[in-house]
Amino acid sequence: MYSKVSSLGLFGLNAFPVDVEIDVSRGMPRFDIVGLPDASVRESRERIGAALRAVDVLLPTKRVVVNLAPADVRKSGTMHDLAIFVGVLKALDMIPSSLDGKCFIGEVSLSGEVRAVKGVLPMTILARNLGIEELYVPEENAAEAAAINGVKVMGVKSVQALMAHFNHTEMISPAVYSCHENLSISAPSLDFSEVRGQRSVKRALEIAAAGGHNVLMVGPPGSGKSMLARRLPTILPEMTMDEILETTNIYSISGMLDPKSPLVRKRPFRAPHHTTSGAGLVGGGSTPQPGEISLAHNGLLFLDELAEFDRRTLDIMRQPLEDKTVTITRASGTVTYPCSFMLVGAMNPCPCGYYGHPKKKCTCAPRQVQQYLSRISGPLMERFDMHLEVEPVEFSELSDTKAPESSAEIRKRVQAARALQEQRFKGTDITCNSQIPAGHLHEYCPMNDSAKTVIKNAFERLGLSARSYDRILKLARTVADMAGSDSIERTHAAAALQYGSMGWKYSPEQK
Ligand SMILES: Nc1ncnc2c1ncn2[C@@H]1O[C@H](COP(=O)(O)OP(=O)(O)OP(=O)(O)O)[C@@H](O)[C@H]1O
Ligand SMILES: [Mg+2]
Ligand SMILES: [Zn+2]
């Protein structure tokens with residue numbers, strides 16, 4: 001007796017089709033799973049045995065062989081349980097309906113409950129592309145899967161419910177996509193209007209948001225650095241549908257989706273603690289999981305207290321920052337995850353926090369200040385397009401009763417600047433100015449002569465690196481966009497330089 005049932009597997013972000021073949025034959029009673037299963041798949045045997053008993057099916061005293069094809073691809077996870085369960089029953093002739101066009105994913109518990117699995121979204125996208133008609137998933141994952149059009153999603157609560165469905169005693173109805181986002185009571189949303197004063201920093205953050213530039217904020221304690229960073233996502237442009245799916249895929253394979261709002265529609269904001277390990281930051285594990293930089297994909301990664309991070313941990317991030325993808329190699333294979341995010345760092349200028357403070361005196365020795373800053377490597381420092389000096393807020397600003405501009409108003413200008421960029425980069429995979437590749441700088445960032453002179457002078461005076469030059473050009477492009485200018489003029493170049501050079505005041509060489 002033989003049966004074949006479709007299932008899906010996952011490695012990294014890549015889903016692949018798996019055929020579960022079952023053969024029940026005469027011989028010593030045993031239950032074997034073959035086809036490169038890892039331990040979690042092999043244990044499925046025990047779960048299936050118990051789940052069969054839960055629906056009053058006793059395995060015949062025969063030899064049962066389960067083959068997961070293709071046999072040369074390693075299978076891991078518990079998502080094949082449901083297909084194996086269905087396949088065994090089909091081989092025993094206990095499922096009347098045809099299984100053509102149907103596909104099953106889900107973990108089965110000893111009592112027969114069907115439990116949620118990770119990565120349902122990328123698997124559903126594949127199912128749709130493969131032309132699968134009905135996809136059976138754990139009920140908890142049904143909302144997530146239903147977000148994809150073109151495939152009928154059936155949420156299965158338990159194997160008992162599945163049997164009732166096959167026996168036509170109680171049908172499962174296809175899941176419908178609904179977005180409850182507006183109903184969810186989230187924490188009161190943050191807004192830029194809550195931040196008093198700091199006009200120039202806010203303006204700079206607006207430019208950063210408009211061009212997707214990385215920002216480092218340096219300033220004394222309590223000046224509002226963390227407060228500002230947390231409000232940055234509120235002025236970033238809305239996500240496109242492609243971006244939503246890309247980001248949701250990562251949360252799906254990490255098992256971090258909220259069943260109530262299965263799509264990640266808001267740009268992610270990740271703020272890992274400074275004790276985070278390298279693997280936590282860039283990804284890792286024996287079956288490599290996405291790290292913080294990938295969870296921040298299409299959103300923002302905020303490294304608060306930047307100087308407290310381990311220098312080596314930060315440096316692992318350098319290459320992914322450039323490539324916008326991260327590749328992790330383990331014994332089980334190599335996976336690549338996207339990690340296109342805006343990097344925002346915040347730090348004090350010195351251990352006591354008051355170096356450069358207009359009123360308070362810094363109690364650190366010059367050597368200590370230098371050591372503090374050199375915790376961040378030069379190359380990482382250079383990856384921040386903007387170095388902003390955040391000054392303490394004046395009392396008059398704090399007590400001012402006039403509310404500052406709201407996030408919605410700032411966002412309108414950001415969206416306008418992004419619209420210009422969309423036009424400019426039509427037909428390419430560049431989404432914003434910060435992503436202009438070095439080879440296209442002159443095409444996209446034309447400068448007039450006086451702008452060139454300003455940059456040339458600074459270049460010679462400060463001994464900038466080639467990377468800094470590129471970054472200043474891209475930043476100047478955004479400043480010009482915000483001013484509605486096609487070419488980069490003197491004032492735009494000067495502004496870009498000013499944002500770049502603030503940090504150099506703190507850099508060890510300048511001290
Ligand atoms: N510009 C501001 N407008 C209104 N409130 C502010 C402002 N700056 C700071 N505050 C208040 O001070 C608190 C501390 O600010 P925040 O945590 O952002 O400072 P910080 O610059 O990150 O300090 P640290 O260097 O200690 O991390 C905020 O929660 C807020 O209540
Ligand atoms: Mg802070
Ligand atoms: Zn100090």
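A crossing of two helices is right-handed if the near helix is turned clockwise from the far one by less than a right angle. The views below show close-ups of a predicted model.

**View 1. Helices α2 and α3 cross in a right-handed sense.** Helix α2 covers residues 44-54, and α3 covers residues 81-91. The two pack at an angle of about 50 degrees, and their axes are 10 Å apart. Angles under 35 degrees count as roughly parallel and those from 65 to 115 as roughly perpendicular; α2 and α3 are therefore oblique to each other.

**View 2. Residues of α2 meet residues of α3.** On the α2 side of this contact are S44, R47, I48, A51 and L52. On the α3 side are D81, I84, F85 and V88. Sorted by class, the residues of the contact are 6 nonpolar, 1 polar and 2 charged.

**View 3. A cis peptide bond joins A69 to P70.** The omega angle of this bond is near 0 degrees. Strand β4 spans residues 63-69. P70 belongs to the loop between β4 and α3, and α3 is also the partner of α2 in the helix packing described above.

**View 4. H168 has a positive phi without being a glycine.** The phi angle of H168 is about 60 degrees. H168 sits in the loop between α6, residues 159-166, and α7, residues 199-211.

**View 5. Q198 is not a glycine, yet its phi is positive.** For Q198 the phi angle is about 50 degrees. Q198 is placed in the loop between α6 and α7. Is Q198 buried or exposed? The cut-off for a buried residue is 20 or more other C-beta atoms within 10 Å. Q198 counts as buried because 25 C-beta neighbours lie inside 10 Å.

**View 6. A shell of 15 residues surrounds ligand 1.** Which residues are the closest to ligand 1? They are P221, G224, K225, S226 and M227. Helix α8, residues 225-231, supplies the largest share of the shell, with 3 residues. By class, the shell around ligand 1 is made up of 8 polar, 5 nonpolar and 2 charged residues.

Definitions and conventions: Residues numbered from 1 in each chain as written. Chains lettered and ligands numbered in written order. Predicted model: local features only at pLDDT ≥ 70, side-chain atom pairs only at ≥ 80, totals over all residues. Near = placed C-beta within 6 Å. Helix = DSSP H or I, 4+ residues; strand = E, 2+ residues; numbered from the N terminus. Nonpolar A, V, L, I, M, F, W, Y, C, P; charged D, E, K, R; others polar. Buried ≥ 20, exposed ≤ 12 C-beta atoms within 10 Å, placed from the backbone. Axes fitted to C-alpha atoms, helices over the stretch in contact; angles between N-to-C directions. Parallel < 35°, antiparallel > 145°, perpendicular 65-115°, else oblique. Contact = placed C-beta atoms within 7 Å.
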